[in-house]
Amino acid sequence: MSEQPELSVVIPCHDAAATIELQLQALANQRGAADFEVIVVDNRSTDSSRDTVDRWQGRVPGLRIVSAPELPGAGYARNVGVAAARADKLLFCDADDLVAPDWVDAGAAALDQVDLACGVDITLPEVAFDSLEAMWAEHFPVALSDRRVQLRAKPSSYPIVLGGNLAIRRGTYLELGGYDASMTLGNEDNDLAVRAEQAGHLIHRAPAMRIAIRERADLRGVYRRARVAARGHIQLVDRHDLRDSSPHLRDGAWRFDLPRSLAATAAMVTKPGEQRDWPAIATRLGAAVGLWEGEWRSRRTGFGAPDLGRGLQPTGEKR
C-alpha cells in the first residue's frame, strides 16, 4: 500500500470480536480494488476485539487500529476514523456486516461520479454468517459490471442513509462537520443525511455497493434495538423540525401503537407455532414503547445540544 491510498475504509468497533473477523476476511480478499487502507476504530471495547484485529495485520491492506475512548457511539467513532484516514475517498462499513467481494471497487467507482452515495443491503439470519466463501457464492456470486450510480433529482422529505454502507468524499464529510456525536440512539446516520441534503448534497444510490446485514435472533435484543431507535427518531425530528414529514409521526397514529402492539402480542399467542412471528412483534412493541419514551423526554428535558464533529481532531492512538 502506498503512503497515499486512493480509499480509506473506516470500521467502528465496539465489542465485535465475535463478528469482525469475517468482515476483515472479506476486505482482505477484495477483487479489483484500487489501493486502499482499513482503519478499525476501537470504541471502548471490553472484549478481545483488538487482539482479533491484530491477527489480520499484514493480510488486510493498510490495517490500523485507532482508539476512540472519549465517548460511546458509532458517529463519534467514525469521526475518529476519518481523522486518521489518509485518502480523499472514504468508505464506511460495520464490524458485524459482510461486504461483497467487489465492494471497495464499487465504492471507488461511485465516488468518481458523485460526492455522496449509499449502497444496498440484504438481511440474512445470523447463522448464515459462517463461511466467507459460502456467503459470497450464494449471495454475491457475480461481480456487478454496471457501476453507474442512480442519481437523485431532488431532495427527499425524509432523507436516510445506511451508515454501514456509505461512500463520501472527505471534503464533503468535513463540510458537513462529520457525524454529530450527541446522536447515540441509532440515529446518527439519518442526522448526517438530513444535514447533507440541507447543504445541497443529494444522497445518491450505488447498487453495486452491496453488503449483507445480520438479522438478530435474540428477541430481547430485537426489542431493545427497536426501542432505542424509536427514541432516537424523536431526537432526530426534534433536532431538524421533521415531525410533519416523519413516516412514524405525521398522522398521529403512533399514539395508538402501544395498545395495538399489546393486542397483536395477545393474538399471536393464539396462532399455531409455525405462524408466530415473534421478531415482528418484538420490533413493533419496542418501537411503540420507544416513541412514547422519546416524546416524554422531548417534553420534559429535551435531548441536549448537538456535538458536531467530535473526534475529527487526530488524537486517537494509532498503530
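Q: At what angle do helix α1 and helix α5 pack in this predicted model, and how are they oriented to each other?
A: The model is predicted. In it, the axes of α1 (residues 20-28) and α5 (residues 132-139) are 10 Å apart. The angle between them is about 65°, and angles of 65 to 115 degrees count as roughly perpendicular. That makes the orientation of α1 to α5 roughly perpendicular.

Q: Which residues make the contact of α1 with α5, and how do they divide by class?
A: The crossing of α1 past α5 is right-handed. From α1 the contact takes L22, Q25 and A26, and from α5 it takes L132, E133 and W136. By class, these residues are 4 nonpolar, 1 polar and 1 charged.

Q: How do the axes of helix α9 and helix α10 cross, and is α9 parallel or antiparallel to α10?
A: Helix α9 covers residues 257-269 and helix α10 covers residues 278-300. Their axes come within 9 Å and cross at roughly 160°. Angles over 145 degrees count as roughly antiparallel. The orientation of α9 to α10 is therefore roughly antiparallel.

Q: What is the handedness of the crossing of α9 and α10, and how do the contact residues divide by class?
A: The crossing of these two helices is left-handed. On the α9 side the contact includes L258, L262 and M268, and on the α10 side it includes W278, I281 and W292. The residues of this contact divide into 11 nonpolar, 2 polar and 3 charged.

Q: Is D189 buried or exposed, and which residues is D189 in contact with beyond its neighbours in sequence?
A: D189 is found in helix α7. Buried means under 20% relative accessible area, and at 13% D189 counts as buried. Leaving aside neighbours within four places in sequence, D189 is in contact with R78, V161, L162, G163 and Y179.

Q: How many residues of α3 are buried, and which elements do they pack against?
A: In α3, 10 of the 11 residues are buried, so this helix is largely enclosed by the rest of the structure. Among the buried residues are G75, Y76, R78 and N79. The elements they pack against are β1, β2 (36-42), β3 (64-67), β4, α6 and α7.

Q: How many aromatic pairs are found in the whole structure, and what kind of pair do F92 and Y173 form?
A: The search of the whole structure finds 3 aromatic pairs. The ring centres of F92 and Y173 are 5.8 Å apart, with their planes at 25°. Planes under 30 degrees apart count as stacked. The pair of F92 and Y173 is therefore stacked.

Q: Which parts does the pair of F92 and Y173 tie together, and which residues form the aromatic cluster?
A: F92 lies in strand β4 (residues 89-93) and Y173 in helix α6, so the pair ties together parts 81 residues apart in sequence. F92 and Y173 are both buried. The aromatic cluster is formed by F92, Y173 and Y179.

Q: Where is D15 found, and what is its relative accessible area?
A: Most residues other than glycine have a negative phi. D15 has a positive phi near 50°. D15 is found in the loop between β1 (7-13) and α1. D15 is partly exposed, with a relative accessible area of 32%.

Q: In which loop does D241 lie, and what is its relative accessible area?
A: D241 also has a positive phi, near 55°, and is a residue other than glycine. D241 lies in the loop between α8 and α9. Exposed means over 50%, and D241 is exposed with a relative accessible area of 69%.

Note on methods:
Residues are numbered from 1 along each chain as its sequence is written. This is a predicted model: local features need pLDDT of at least 70, side-chain atom pairs count only at pLDDT 80 or more; totals for chains, interfaces and linings use all residues. Side-chain values use heavy atoms; hydrogens and water are left out. Axes are lines fitted to C-alpha atoms, for helices over the stretch in contact, and angles run from 0 to 180 degrees between N-to-C directions. Helices (H or I, at least four residues) and strands (E, at least two) are DSSP runs, numbered from the N terminus. Angles under 35 degrees count as roughly parallel, over 145 as roughly antiparallel, 65 to 115 as roughly perpendicular and the rest as oblique. A crossing is left-handed if the near helix is turned anticlockwise from the far one by less than a right angle, and right-handed if clockwise. Contact means heavy atoms within 4.5 Å. Ala, Val, Leu, Ile, Met, Phe, Trp, Tyr, Cys and Pro count as nonpolar, Asp, Glu, Lys and Arg as charged, and the others, Gly among them, as polar. Rings of Phe, Tyr and Trp (its six-membered ring) pair if their centres lie within 6.5 Å; planes under 30 degrees apart count as stacked, over 60 as edge-to-face and the rest as tilted. Buried means under 20% relative accessible area, exposed over 50%, partly exposed in between (1.4 Å probe, protein chains only).
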